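Subject: Handover of a structure

Dear colleague,

Please find the structure below, followed by an account of what was found in it. I would be grateful if you would read the two side by side.

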Amino acid sequence: MTKTARTPRQPAKVVQLRKGTTLEMVRLACPDAAQATLISESFGLPVLDSDGIRDLHERLIVETAASLSEGLGERAMQIHLQRIVGAYVGSAHGAGQFYSRAVTEARDATAKAANDARDVDLDGPVGFDSTAQRKREFAADMALQSHALRMAAEGAVAAYEQVVGESWKPFERPVDNPGQTVDRKAAELQMAAFR
């Protein structure tokens, strides 16, 4: 019985994709119009014109695309708008994450302030807010900021669909494998020569 020489099988290359930020992620992180209005009323802040922000950004991008239409081909327009809409969505998502952290800090500070045995978290001198109150007010400000950016992102996504004719999806690029340096790849190729 003779053995046949087997050539080593090359492992299948798996290309991982770096996931982009979606509009759904923004909606989960940022307050909606009803919550933003409730926060505004609870903290005495201005009530935002959510629909106005959304509509303005939608018109802005549609008009921008119209002005560029003679200079850009269809594919170039799609790539350009992909980047612009991605920036709006990414900005809103970052603001939403910051808002979430601010709410967590406000909740923690408020819970600590409710403990009567702690002198550290007691109200400040007359005329000054407590640390917990300042954190709650900061979280409310961040809520309105993230909501405004959410509405701008929603307008941008709607404009993309109107101009391009398909739903916007985040660009997903292949993840660079940081462990695979040039030296390591060269060493693997050299070692493969010894087989």
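Rings of Phe, Tyr and Trp (for Trp, the six-membered ring) are taken to pair if their centres lie within 6.5 Å; planes under 30 degrees apart count as stacked, over 60 as edge-to-face, and the rest as tilted. Under this rule the count is 1 aromatic pair. The ring centres of F98 and F138 are 5.9 Å apart and the planes stand at 80°, so the pair is edge-to-face. Distant parts of the chain are linked by the pair, since F98 belongs to helix α4 and F138 to helix α5, 40 residues apart. F98 has a relative accessible area of 37% and is therefore partly exposed; F138, with 37%, is partly exposed as well. Here buried means under 20% relative accessible area, exposed over 50%, and partly exposed in between (1.4 Å probe, protein chains only).

The model is predicted: local features need pLDDT of at least 70, side-chain atom pairs count only at pLDDT 80 or more, and totals for chains, interfaces and linings use all residues. Residues are numbered from 1 along each chain as its sequence is written, and side-chain values use heavy atoms, with hydrogens and water left out.

As to the overall fold, the chain has 6 helices and 2 strands, in the sequence order β-α-α-α-α-α-β-α. Helices (H or I, at least four residues) and strands (E, at least two) are DSSP runs, numbered from the N terminus. Of the 195 residues, 27% count as buried. Where contact means heavy atoms within 4.5 Å, 84% of the contacts between residues at least 6 apart in sequence join residues at least 24 apart.

A nonpolar core is a set of buried Ala, Val, Leu, Ile, Met, Phe, Trp, Tyr and Cys residues joined through side-chain atoms within 4.5 Å. The largest such core has 16 residues, of which V26, L81, V85, V89, V157 and W168 touch the most other members. Helices α1 (23-29), α3 (50-68), α4 (74-113) and α5 (131-164) each supply at least two residues of this core. Apart from it lies another core of 9 residues, including Y99, A102, A106 and M142.

V85 is situated in helix α4 and counts as buried because its relative accessibility is 0%. Leaving aside residues up to four places away in sequence, V85 touches A156, V157, Y160 and W168.

Yours sincerely
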